[in-house]
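Here is my notebook page for today's model.

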Amino acid sequence: MLFRGWGESVNARWPDVATVLDHVGVGHLVVTRHALVKQVLTDPVTFRPDNALDAVTPIPVTALRILAGHRFRLPPTLANNSGASHPEIRGIVADALHPTRVAAQQPWLTALVRQRVARLTAALDTGETVDLYADLVADLPLLVLARLVELPDAPVAAVKEFARAALELFWAPLDADRQRALAAEVGSFHPVLREFAATGGGLAARLRAAGHSPDVVVGALFFLLVAGQETTSQFLTLLLHRLTGEPEVRAGLRTGEVAVADVVEEGLRLEPPIVTWRRVAAVDTTLGGTAVPTGTSIVAWLARAGRDPEVVAAPGEFRPGQRGSRRHLAFGAGAHRCVGAQLARMEAAVVVAEAAPLLDGVTVVRPPWCPDNLTFRMPDTFVIRRS
Ligand code: HEM
């Protein structure tokens, strides 16, 4: 299950907590129930976030040297920061992503998506295949993020490649050759990040003005460029794929009986792009009656918690607005809960509202394929054509 926490695995029978050995023999305590996952995420004293970005496949010295050659450094800033600097850094990022600033981007995004949907509809009408990942959603979150946090211009393809390489380097089961190749890719983007951090306006300038060191600014930008756009484009791909197989939901959207916001929440519950998130036990404790020694890696299975029958009426079914639908933990919980949740929801709502009609009468030529990864789904393409 560890590297494929969705599909058959997420629906199988599991104990509330279970120790699972990973590919290098390290044990992780996998937590499956909604209440226990929430308990872990909301208790930062017992379960610290320090290991959130640790490489699940230990990085060999040869790959570390490649990273060091690019002066790659990643001090804890956001997701893995249990220190005193976290609230202030988080506060600055949260200001940049404030709901009113997010709402102000909605008309621009709607116009862009509408334009793309019109072009794709025309392509489908002439019998062409269309890749909804590459041709519609892959770059949308990055384009919006760049406007919100005032990222200097960077080639979109380079940011996407860097972000996907980072998700693989830190969260995938890998051999040393692949780790070296990924270290070269992630490392070579680091000078670009340092330049952003040193000269960028917007968020980078506010972090600098608050007295944060260049490394901290780089760390915050690194996490945002990875978590703040790749997760959302993954989610949009998975959600559109799911909706292709949910004709009644699409019909409800058409007539207005089903609310777009409810579709987004049910999508987050059933198709979260982040399937697990880690914490580490800071003290000897117990969880669901199981002893948890200090230092244990806890894998909070977010995707599974969203399907807990104690919380949701019909856990496996896509029923927008059903009881418990909104209680998913796709954005985590507690002091580190996703600070971009509002932004991700806005983006998903725009895409669902504008692009769902595109799915009527189509055949899936190539469903999204997801590689082995502890945490991220990372779908690649999603190809459709008119039936
Ligand atoms: C569907 C899209 C997204 C999902 C499912 C998601 C999920 C998550 C999860 C599970 C966490 C860890 C929460 C915890 O430790 O309890 C997190 C943290 C975070 N996310 Fe997201 N995220 C998404 C989109 C975004 C976006 C669009 C941004 C910003 C542009 C963003 C920025 C962050 C940041 C900065 C953190 C760290 C917060 C902290 O440690 O204080 N995320 N996200």
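Which protein donor does the iron atom of the ligand have? I found C338 (SG), at 2.3 Å, as the only one. Donors here are N, O and S atoms within 2.8 Å of the metal (3.2 Å for Na, K and Ca), and water is not among the atoms, so sites may look incomplete.

A note on the ground rules: this is a predicted model, where local features need pLDDT of at least 70 and side-chain atom pairs pLDDT 80 or more, while totals for chains, interfaces and linings use all residues. Residues are numbered from 1 along each chain as its sequence is written, and side-chain values use heavy atoms, with hydrogens and water left out.

**Entry 1: around the ligand.** I looked up the shell and got 31 residues, with H86, R90, R279, H336 and C338 the closest; a residue belongs if one of its heavy atoms lies within 4 Å of the molecule. Sorted by class, the shell holds 21 nonpolar, seven polar and three charged residues. In this scheme Ala, Val, Leu, Ile, Met, Phe, Trp, Tyr, Cys and Pro are nonpolar, Asp, Glu, Lys and Arg are charged, and the others, Gly among them, are polar.

**Entry 2: polar contacts.** I then checked N or O pairs within 3.5 Å. A backbone N or O atom of L78 is 3.2 Å from a ligand oxygen, and one of A79 is 3.3 Å from a ligand oxygen. W277 uses a polar side-chain atom, at 3.3 Å from an oxygen of the ligand. The elements giving two or more residues to the shell are α4 (86-96), α12 (214-227), α13 (230-244), β5 (276-281) and α17 (341-355). Helices (H or I, at least four residues) and strands (E, at least two) are DSSP runs, numbered from the N terminus. I placed C338 in the loop between α16 (302-305) and α17.

**Entry 3: the sheets.** I followed an open, mixed sheet of five strands in the order β1-β2-β8-β5-β3, where strands pair if DSSP finds at least two bridges between them. β1 (17-21) and β3 (47-48) each have a single partner strand, so one side of each is left without a neighbour in the sheet. β1 runs antiparallel to β2 (residues 27-31), with five bridges joining them; L21 has G27 of β2 as its bridge partner.

Two antiparallel bridges link β4 to β10 (residues 383-386), and D131 is partnered by V383 in β10.

Conventions:
Polar contact = N/O pair within 3.5 Å; in protein donor to acceptor, adjacent residues only side chain to side chain.
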